[in-house]
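Q: I have a structure open and would like to talk through some of its side chains. Could we begin?
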Amino acid sequence: MADFFDSMTDKHIAFIAQQPMFFVATAAADGRINLSPKGYDSFRVLDANRVAYLDLGGSGNETHAHLVADGRITIMFNNFANPALIMRLYGTGRPVLPQDAGWDELAAHFDILPGTRQIFDIAVDNVQTSCGWGVPQMEMKAERETLVKYHRQADPEAWMEKTAGRVKSIDGLPTRATDRYFGEP
């Protein structure tokens with residue numbers, strides 16, 4: 001029931017464009033496996049073997065730590081409408097922060113949201129589709145504005161101070177902090 005591809009087809013790219021959310025899974029050699037849901041207009045297909053997503057500050061920075069330590073990442077999309085379908089993108093990624101080379105090129109693909117701390121640049125090695133028949137049908141009601149609103153209303157100095165202190169994952173792996181606060185878009 002699963003099909004594998006070396007790169008994304010036009011049909012895969014169209015499917016991704018219709019999905020209001022995706023899931024990101026990463027792990028380092030030791031420690032926890034991280035699995036995070038993502039929303040907003042934060043995902044871009046750059047070519048048939050390269051994608052990127054905009055990352056906002058949240059409760060942790062596990063994806064960053066895992067990609068620096070190991071590089072492996074899986075992105076999963078579920079079609080909650082019809083037809084049923086699951087798609088996974090397997091690859092390697094790297095965090096690109098505003099102070100890094102490559103930021104401007106990647107950032108040009110996005111509307112930078114309040115609280116943006118990095119963009120994850122992902123080389124896709126393999127694409128897998130499967131039936132998704134066990135995934136429930138659901139409808140998108142609305143985006144939650146809470147995270148963007150929180151970052152938009154933050155005091156820039158306090159936000160930067162808080163962010164600068166978050167330089168370890170929950171398993172103690174190192175991360176790097178952004179050098180910029182993005183408030184109003």
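Q: Is Arg72 buried, partly exposed or exposed?
A: This is a predicted model. In it, Arg72 is partly exposed, with a relative accessibility of 47%.

Q: Which residue does the side chain of Arg72 meet in a salt bridge?
A: The partner is Asp70, and the N to O distance is 2.4 Å. Asp70 counts as partly exposed too, at 32% relative accessibility.

Q: How many salt bridges does the count come to?
A: The count comes to ten. Among them is the pair Asp41 and Arg44, with 2.9 Å from N to O.

Q: And Asp41, buried or exposed?
A: Asp41 is exposed, because its relative accessibility of 52% is over 50%. Arg44, by contrast, is buried at 17%, which is under the 20% limit.

Q: What about Arg180 and Asp179?
A: Their side chains form a salt bridge of 3.7 Å, N to O. Arg180 is partly exposed at 34% relative accessibility, and Asp179 is partly exposed at 43%.

Q: Which residues are linked in a network of salt bridges?
A: Arg50, Arg94, Glu105 and Asp121 are linked in this way.

Q: New topic: where is Asn61?
A: Asn61 lies in the loop between strand S5 (50-56) and helix H2 (62-69).

Q: Why is Asn61 classed as buried?
A: Asn61 is buried because its relative accessible area is 10%, under the 20% limit.

Q: What does Asn61 touch?
A: Leaving aside residues up to four places away in sequence, Asn61 touches Asp55, Arg117, Gln118, Thr175 and Arg176. With Gln118, there is a side-chain polar contact of 2.9 Å.

Definitions and conventions. Residues numbered from 1 in each chain as written. Predicted model: local features only at pLDDT ≥ 70, side-chain atom pairs only at ≥ 80, totals over all residues. Heavy atoms only, no water. Helix = DSSP H or I, 4+ residues; strand = E, 2+ residues; numbered from the N terminus. Buried < 20%, exposed > 50% of the residue type's maximum accessible area, 1.4 Å probe, protein only. Polar contact = N/O pair within 3.5 Å; in protein donor to acceptor, adjacent residues only side chain to side chain. Contact = heavy atoms within 4.5 Å. Salt bridge = Lys/Arg side-chain N within 4 Å of Asp/Glu carboxyl O.
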